[in-house]
Each structure stands twice: as C-alpha cells, then as structure tokens.
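My notes on the cavity and the pockets follow.

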Amino acid sequence: MTKPPLTLYLAAPRGFCAGVDRAIKIVEMALEKWGAPVFVRHEIVHNKYVVDDLKAKGAIFVEELDECPDDRPVIFSAHGVPKAVPAAAARREMVYVDATCPLVSKVHIEAARHAENGLQMIMIGHAGHPETIGTMGQLPEGEVLLVETVEDVANVAPRDPERLAFVTQTTLSVDDTADIVAALTARFPAIIGPHKEDICYATTNRQEAVKAMAPKTDAMLVVGAPNSSNSQRLVEVGRKAGCAYSQLVMRAENIDWRALDGISSIGITAGASAPEVLINEVIDAFRDRFDVTVEQVETAVENVEFKVPRVLREPA
C-alpha cells in the first residue's frame with residue numbers, strides 16, 4: 001500500500017540549548033570524577049528521558065538538600081536555586097556544583113544589583129516554577145513581587161512605586177512578556193527594566209522558528225515535557241502564529257494519529273531540554289506512516305557554548 005505524501009517542516013534551532021547541554025555535562029563529569037552516586041537537587045532539566053538516562057549512570061534525584069548525605073557531591077539544577085540552598089550546603093561542608101544556566105545567573109546578579117540600589121523587584125514569571133523560586137530566593141522575602149499576567153500588574157502593591165525594577169523568567173514567550181512589561185511601565189513610569197531582554201537567546205530563537213513554520217503547516221508537534229515552560233510556550237506560539245493544531249508530545253508513542261488523519265504537512269520542533277534522539281524518534285514514526293519529505297526551517301544559527309565549572313575540569 002502506498003503511503004500518503006507528507007511535508008515535514010523541521011524547525012532550526014530546536015532542542016538542546018547551551019545551558020541544558022552544560023547542565024547534563026556537569027552531572028556526567030561529576031559521576032566520572034567522584035563516582036556514583038552523585039545527588040541532583042531537582043530535575044537537572046525538565047525531560048524524563050534525560051533524567052532516566054542520568055539515573056542509569058548513577059545520579060540520584062531529590063527535591064530538597066536535606067535528602068542528600070553530607071559525604072556525596074550534590075548538583076543544583078539548570079533552573080537555579082534560592083541563595084539559602086548553597087548556603088546550607090556550605091554549612092554542611094558538602095561538595096556542591098551549581099549547574100544554573102549562566103543566563104539565569106545573569107538575572108540573579110541583576111536582581112541583587114537592583115536590591116543594593118534600594119529598589120524593590122517585580123518578577124514576571126510562573127508561580128511554582130523552579131526558575132521563579134530560585135530568582136525570588138536571591139533576595140529576602142517581600143523584596144521580589146511576582147506577576148504572572150497583565151491583571152496581576154493592576155493589583156501589585158509595591159513599597160514605593162518610584163523605586164522599582166523588573167526581571168523576567170527566561171523561558172517565557174517574548175509576546176507574553178511584552179504585554180506585561182507595557183502594563184508595568186504604564187502603571188510605574190519610573191520602573192527600571194533589564195539592559196537586555198531577559199528572555200534567553202534559545203527561547204527567542206526557538207519561538208522565531210515556530211513563527212516561521214506554523215503558517216505552512218496543517219499541524220505542529222513540540223517534543224518536550226509537560227513541566228517544561230519553554231516547551232509549553234512553543235505550543236502557544238504555534239497556535240498564535242496560525243497553526244490551530246499545535247500539541248506537546250513527550251515521545252513518538254504520545255502522538256495522536258487520529259487527530260492527524262488527512263494532513264499533508266506537519267511542523268516539528270522541540271523544547272530546549274529535549275534531546276535530538278527523541279526528535280528523530282518522532283520523525284521516524286512519521287516515516288513509518290507517510291512518504292515524508294523533510295524541509296528545514298532555519299531562522300538562526302546557534303554557536304553558544306558555556307564552560308563547565310572549574311572544579312570539574314580539575315583532576316580529583
């Protein structure tokens with residue numbers, strides 16, 4: 001039986017960003033240097049396949065530092081941690097390695113600098129997301145106020161409306177934050193924003209590729225995890241850019257083939273913590289059912305690389 005033709009548009013860039021790549025490398029190098037087990041506080045990145053792979057190599061994932069023994073190394077996830085966490089590890093004389101993405105660390109430094117200048121912070125982010133918890137935890141309680149929506153801006157009650165600055169969660173949609181930033185600057189004209197947009201280069205690049213791809217496609221799949229903020233934003237960007245059927249899938253086995261019946265084009269991309277192996281798995285699943293022609297939609301070329309911490313580059 002002949003397979004129906006399908007044009008598969010493949011977004012570029014897609015998948016791993018430099019911060020995720022570095023975080024995974026940190027766990028692997030820590031296992032090489034100190035042997036198993038190495039403890040990791042919170043999922044190193046939001047992807048089950050990656051986490052399971054590292055577990056098989058000897059990483060033990062925990063939610064809190066008090067679940068870790070004093071005598072084994074612990075790694076903090078790419079999303080960043082509140083200041084209290086490394087302070088507690090230092091008090092216990094633990095060996096710890098911080099895998100926080102350098103672009104998230106930049107936001108932490110920014111927040112601390114504004115606080116030193118006597119400004120109260122407003123953070124645009126999602127409540128409960130580890131990156132938001134980590135950034136808000138850089139300063140004493142009450143010094144960072146969280147806004148998630150334009151409506152929240154109307155209700156936020158700062159100490160002094162004339163002495164404010166804002167930062168944003170790096171994985172949010174550029175479009176989403178633009179509305180909130182506009183509302184903040186309208187209500188608080190004196191508010192100080194970041195020198196450069198806090199949305200990370202990888203988030204922006206992946207969203208731009210989706211915007212270019214979405215109008216060409218009958219459907220779009222984002223390979224990623226449900227708890228991955230940047231993956232969820234890619235789904236939203238796809239819908240807003242004109243692809244009504246824009247869905248998140250963790251793996252090929254999660255594809256709803258009935259919903260894709262009769263399509264002649266599909267867009268495929270992946271969140272920043274999804275490995276290429278899972279993207280290829282999805283493409284292979286389409287090849288099994290369709291006569292696939294792959295067209296790459298490239299909107300940027302990435303050559304960013306972040307160094308791993310010095311402690312891992314030195315011999316044990």
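**Cavity and pockets**

I counted 1 cavity of 30 Å³ or more. On a 1 Å grid over the protein atoms alone, a cavity is a set of points where a 1.4 Å probe fits but cannot get out; a pocket is an open set with protein on both sides within 12 Å along at least five of seven lines; lining residues have an atom within 4 Å of a point. Points are joined across faces, edges and corners, and a volume is the space filled by probe spheres set on them.

The model is predicted: local features need pLDDT of at least 70, side-chain atom pairs count only at pLDDT 80 or more, and totals for chains, interfaces and linings use all residues. Residues are numbered from 1 along each chain as its sequence is written, and side-chain values use heavy atoms, without hydrogens and water.

Of its 24 lining residues, Cys17, Val20, His79, Thr171 and Asn230 are the closest to its centre. I sorted the lining into 12 nonpolar, 11 polar and 1 charged residues (Ala, Val, Leu, Ile, Met, Phe, Trp, Tyr, Cys and Pro are nonpolar; Asp, Glu, Lys and Arg charged; the others, Gly among them, polar).

Next I took the largest pocket, at about 250 Å³. Its lining has 19 residues, with Phe16, Cys17, Ala18, Glu302 and Val304 nearest its centre. The classes are 9 nonpolar, 2 polar and 8 charged.

The second largest pocket has about 190 Å³. Its lining includes Arg22, Lys83, Asp98 and His108. I found 5 nonpolar, 4 polar and 3 charged residues there.
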